[in-house]
Amino acid sequence: MIGQRPPAPRGGLHSAEAADVRKDVFQTPAASARALTKTFGRGEAKVHALRSVDLDLPRGRFTAIMGPSGSGKSTLMHCLAGLDQADSGAVTIAGTDLGSLDDDELTIFRREHIGFVFQSFNLLPMLTASQNILLPFELTGCRIDEAARARAAHLAEALGVANRLAHRPAELSGGQQQRVAIARALLLSPDLLFADEPTGNLDSAAAAGVLHHLRRTAHELGQTVVMVTHDPVAAKYADDVIIMQDARIV
Ligand SMILES: Nc1ncnc2c1ncn2[C@@H]1O[C@H](COP(=O)(O)OP(=O)(O)OP(=O)(O)O)[C@@H](O)[C@H]1O
């Protein structure tokens, strides 16, 4: 176990009530999209990237988004993550309608509720693995305290990089770098962890390690994980697979 999946209810509930509370928490989707529509360009050059997409992402599950190139996967992920705005429709994360937030509020919301992992790891080369993992905490403007260090150490342990913390990214394998990047993305306990082709730069053994840890993150930390991938082998690690085609979920 690397953590408790259902949050422990407080206030002395009887076990049946506590089970109901846990069930409710996990039945509320971590994120929802309703009638999400997005086009690029105009006139003859107009391209439909999303055509009225509806989606609920269940909490604590690992969901893969697959589909042919140009089918709208990245656009969907960017709209869900508040990195891009749909032309119409709504995205709700942790009960907040992203459309109700101004730019500054959206930036803060993303920092507090959403974690990202990219194909190219995006670690800072001059920082050690440990400093990279703690970076999101520093960006909040708070001093790194014992609790933050303990969380970073716990995540490093869970992701199998605890013995690499003093090393810089160039001294780590690709798989280790990606696992450091996952620990960093999880530091502030986001509601959603988005992974964009996280194994695209890895050989099959390193990819398997990263996918195994993403799966554990969902199942043992109760973390909602969404991964865009072209790789059917990677998608097999997911609990649910969403297939996109021609800007729709099929
Ligand atoms: N910034 C943009 N400007 C113009 N068209 C765009 C832009 N971004 C995406 N598109 C178009 O929108 C459609 C969906 O693109 P998207 O990147 O979401 O697909 P994808 O499934 O992620 O593709 P890939 O697997 O190749 O990354 C494509 O036709 C793409 O060309």
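Modeller: We can go through the ligand shell, then the sheets, then the helices.

Biologist: What should I know before I start?
Modeller: This is a predicted model, where local features need pLDDT of at least 70, side-chain atom pairs count only at pLDDT 80 or more, and totals for chains, interfaces and linings use all residues. Residues are numbered from 1 along each chain as its sequence is written.

Biologist: Which residues are around the ligand?
Modeller: They are F40, G41, V47, A49, G67, S69, G70, S71, G72, K73, S74 and T75.

Biologist: How many residues of each class are in the shell around the ligand?
Modeller: There are 3 nonpolar, 8 polar and 1 charged. Here Ala, Val, Leu, Ile, Met, Phe, Trp, Tyr, Cys and Pro count as nonpolar, Asp, Glu, Lys and Arg as charged, and the others, Gly among them, as polar.

Biologist: New topic, sheets. What order do the 6 strands of the open sheet take?
Modeller: The order is β6-β7-β8-β3-β9-β10, with mixed pairing. Strands pair if DSSP finds at least two bridges between them.

Biologist: Which strands stand at the edges?
Modeller: β6 (114-118) and β10 (248-249). Each has a single partner strand, so one side of each is left without a neighbour in the sheet.

Biologist: How do β6 and β7 run, parallel or antiparallel?
Modeller: Parallel, with 5 bridges joining β6 to β7 (residues 192-196). F116 stands opposite F194 in β7.

Biologist: Which strands does α2 touch where it packs on the sheet?
Modeller: α2 touches β3 (62-66), β7, β8 (224-228) and β9 (240-245). Its direction makes about 150° with that of β8. α6 also packs on the sheet, touching β6 and β7, and its direction makes about 165° with that of β6. Contact is C-beta atoms, placed from the backbone, within 7 Å.

Biologist: And β4, which strands is it joined to?
Modeller: 5 bridges join β1 (residues 31-40) to β4 (residues 88-93), running antiparallel. T37 stands opposite S88 in β4. Another 2 bridges join β4 to β5 (residues 96-97), also antiparallel. There, I93 has T96 as its bridge partner.

Biologist: Which residue takes a positive phi in the hairpin of β4 and β5?
Modeller: A94, near 50°. That hairpin has 2 residues between the strands.

Biologist: On to helices. At what angle do α4 and α6 cross?
Modeller: Roughly 30°, for α4 (residues 129-139) and α6 (residues 174-186), and their axes come within 7 Å. That makes α4 roughly parallel to α6. Axes are lines fitted to C-alpha atoms, for helices over the stretch in contact, and angles run from 0 to 180 degrees between N-to-C directions. Under 35 degrees counts as roughly parallel, over 145 as roughly antiparallel, 65 to 115 as roughly perpendicular and the rest as oblique.

Biologist: Which residues meet there?
Modeller: A129, N132, I133, L135 and P136 in α4 meet V180, A183 and R184 in α6. By class, that is 6 nonpolar, 1 polar and 1 charged.

Biologist: How far apart are the axes of α4 and α5?
Modeller: They are 10 Å apart, with α5 (residues 146-158) packing at an angle of about 130°. The two helices are therefore oblique to each other. S130, I133, L134 and F137 of α4 make the contact with A148, A152, L155 and A156 of α5. This contact has 7 nonpolar, 1 polar and no charged residues.

Conventions. Helices (H or I, at least four residues) and strands (E, at least two) are DSSP runs, numbered from the N terminus. Two residues are in contact if their C-beta atoms, placed from the backbone, lie within 7 Å. A residue is near a molecule or strand if its C-beta atom, placed from the backbone, lies within 6 Å of it.
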